[in-house]
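These are my comments on the model you sent. They are set out as numbered points, to be read with the structure open.

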Amino acid sequence: MTGPQNSKPVGRQRRPKVPDALRKRAARAYHKEKCQGGVPCLRCQRYKRNCQYSQAPAPAASSDAARASASPQQASEKERYLEQIVRHFMGDISFEPSNLQFVADALQRDRVSPRNPSALAPGSSELYSIHPLSTSTMPNDPFRATGLQSSISIVASSRTYFPPRHIAEFLLDTFLEYTQTNYYYFDETEFRQKLDYYYTEDRYLDINDAGWICTLFMTFASGTQFAYMHASRSPYLHSMSGEGHLPDDTIGLALYRFSCRLIPDLITTASVETVQAFLLFGVYTMPIDTSGLAYTYLGLAIKMAIQNGMHRRFGEEGLDARTIELRNRLWWSAYTLDRRISILHGRPVSVSPTEIDCDMPKDLPDLRPSGRITNLPNITATIQLTEQLAKVAPIISRLRNCPGELHSIYLKQLLHVRDELRSWWETLPQDVHCRDLDPSKPLFRYNVHLELTYAMIIMYMGRPLILAGTPNSSVSDEGNSGSTVDASVMLCTDCVQAALRIVELCQLLQDAVGVARVSYTEFSSCRAALLAIIAQSLNTRTERLHGALTQGMALIRRMCVGLQSARSEVAVIEALERAAQRLDSRTENEDTRSGETSTEYSQFRRWAMLWQSEPPSASVGIESEPIGLESSQLPAASFDGFFSSFPQELGAFASFPEVGAQFGENLPTMLWPDELSLPAFVPNPDSPT
């Protein structure tokens, strides 16, 4: 059977092209194509089609069941993984749509500006008093719980604690010269006016005077801490080297204890003068108990300032420019001190920077001190340094907790912050302010403190990398590990150089005006530098490191005269330094005799010999012999003041997890203990039981 003669050749035939307008089913069949998102989607844009995905017919029942079984499970897994990633990098945040939208918008803008009120979190409306309180308006103010204040007798008895007028002037001048440095605590003109008022007016003092009474007394108390700086240093320090408490400290302690009785009234009053008072409470206790009392007092100053709205920009009428600038300077001093102590001593910050939008301090003729040069450039520089420190802290925290593959990312971020910090530091003025280290200039000590703060930040970046050792050549050639090693070496080198620079600055200060025994900036900087030098000595011992360590120990012994807690910290540093020396000598002898090559076992030997040199103290009730500190007859109770802060200093040198495999295993990756076991001390027989 044959087909018709006009039949076409057998094979696949091409359909004729039909216009979309004449199609019945295929015109809307493109819903089967993969949609890449968006309206219109990218595929429709490419083919210049009208994107009508919403009008597509429903899929078949068989495909509907398959999607229902696969999509919810896949979506749930994706959401769970994304939530874990977000929590790792941003903390425990809320996943409500409104909050996620706010975070996404903030990231889209690249950063949230802490000075822009519109960038604050939604729903952050606050109730606070924007107007400063005064003695005339306080009794009638409706938002202060005046019924909870104490009786008038407590404040009235403060007149018995006023020193003679010439002594008060001397202590005020001492405070302004040695204590104030690069911060702002009160207006000098207003302070002197209040001083005249309380010394000339013979009237009963009431609760409304509590703020300024505490401001006066704590200024005097802080002045007693530095009063000895006006005396001949060598004979004076030699005469008081064996004393537990100095006569100057007795006066300051009496003023402090009386002022503490007015703290409940200060909290109830919550005025601008209260912020000044709590700031000075923190300054006085900072060299005694930084992470305890000082941190608490500065936190109270922050709370009082927030209650007065000092953290927000004042855009209304009713306050003159001088009062607004005074509020801004007080806020930034309290916030800078609180944030710096929180970061360096492992404490939570009192307020988030995203809640702050008040203006930075600026020059105002009415607030320029009479007869002295303003320290405003140094104040603003200190604020900027604290902001840089706040940038470094979260990077260090993430670097400690992240997997080893992400180390290079955070190390590069540290290098970026370091480069920014160096470039900014070079722009600071070199005449009179900031970087002028001429001892004959009026702000010499202020400028030394500013560079100590700068060097501390550089050292803070590289401390965890010191004990990681130096890179191994075989590891450096493997892909991304080379850049990681290079970044760690640069940060570690900068840290050691900053530590050596701190010792040089402290020596420069000692040669010019003398180091202070109660300066938090000087003591904490020197202490951190010595610990960094000792840690570097575990890797390599050079003549420069040995000379800086000897010089630094001599300086820090001068700073701890009369302070038991500081002397205790110095004693521990001495013990660590001797342990490092013994460890180094014993390791050389062991390597010479046995020639050990096992890396892991040699690390264990170094660690064991370190603690063998300085064994832990014996249990309670068991007598133990003092080892390594025979010359320091300190009572055991003297260690109470620094236990809250000193272990954090040692913990800052802990190596990162999994860092040994990247930085080379030829040197120890020793972890400092969370608690430092101290040698036993012979109790002071003269101390009360």
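This is a predicted model: local features need pLDDT of at least 70, side-chain atom pairs count only at pLDDT 80 or more; totals for chains, interfaces and linings use all residues.

**Notes on the model**

1. With a relative accessibility of 36%, Phe89 counts as partly exposed. Its place is in helix H2. Phe89 belongs to a nonpolar patch on the surface, together with Leu82, Ile85, Met90 and Leu107. The accessible area of these residues together is about 490 Å². Helix H2, which covers residues 61–90, gives the most to this patch, with four residues.

2. The chain has 24 helices and zero strands. Of its 689 residues, 47% count as buried. The accessible surface of the chain comes to about 35000 Å², and 53% of that belongs to carbon and sulfur atoms.

3. On contact order: taking contacts in the chain between residues at least 6 apart in sequence, 78% join residues at least 24 apart. Thr219 and Phe281 are 62 residues apart in sequence, while their C-alpha atoms are 8.9 Å apart in space.

4. Is Thr219 buried or exposed? Its relative accessibility is 0%, so Thr219 counts as buried. Thr219 lies in helix H7, residues 210–225. With neighbours within four places in sequence left aside, Thr219 is in contact with Leu171, Leu172, Phe175, Phe186, Phe191 and Leu280.

5. On salt bridges: a search of the whole structure finds 25 of them. One of them joins the side chains of Asp431 and Lys441, at 3.3 Å from N to O. Asp431 and Lys441 both lie in the loop between helix H15 (407–426) and helix H16 (444–462), so the pair ties together parts that are 10 residues apart in sequence. Asp431 counts as exposed because its relative accessibility is 54%. Lys441, at 25%, counts as partly exposed.

6. Another salt bridge joins the side chains of Arg445 and Glu522, at 3.1 Å from N to O. Arg445 lies in helix H16 and Glu522 in helix H19, so this pair ties together parts that are 77 residues apart in sequence. Are Arg445 and Glu522 buried or exposed? Both residues are buried.

7. Arg501 and Glu504 form a salt bridge in which the closest N and O atoms are 3.3 Å apart. The two residues are three residues apart in helix H18, so about one helical turn separates them. Arg501 counts as partly exposed, with a relative accessibility of 30%. Glu504 also has an intermediate value, 39%, and counts as partly exposed.

8. Which residues are linked in a network of salt bridges? The network consists of Arg165, Glu169, Asp173, Glu188, Arg192, Asp196 and Arg372. Anyone assigning charges in this region may want to view these residues as a group.

9. Arg517 is found in the loop between helix H18 (481–512) and helix H19 (520–539). The side chain of Arg517 is joined to that of Asp249 by a polar contact of 2.8 Å.

10. On cysteines: how many disulfides does the structure have? The count comes to zero. In general terms, a disulfide is a covalent bond between the sulfur atoms of two cysteines. The cut-off used here is 2.5 Å between the sulfur atoms. For Cys495, the closest cysteine sulfur is in Cys492, 6.4 Å away, which is too far for a bond. Cys495 counts as buried because its relative accessibility is 0%. Cys358 also counts as buried, at 1% relative accessibility.

Conventions: Residues are numbered from 1 along each chain as its sequence is written. Side-chain values use heavy atoms; hydrogens and water are left out. Buried means under 20% relative accessible area, exposed over 50%, partly exposed in between (1.4 Å probe, protein chains only). Patches are made of residues with over 30% relative accessible area and no salt bridge: like charges are joined within 9 Å, nonpolar side chains (Val, Leu, Ile, Met, Phe, Trp, Tyr) within 5 Å. Accessible areas come from the Shrake-Rupley method with a 1.4 Å probe; for residues, only the protein chains shown count as cover. A salt bridge is a side-chain nitrogen of Lys or Arg within 4 Å of a carboxyl oxygen of Asp or Glu. Contact means heavy atoms within 4.5 Å. A polar contact is a pair of N or O atoms within 3.5 Å; within protein, one must be able to donate a hydrogen and the other to accept it, and residues adjacent in sequence count only if both atoms are side-chain atoms.
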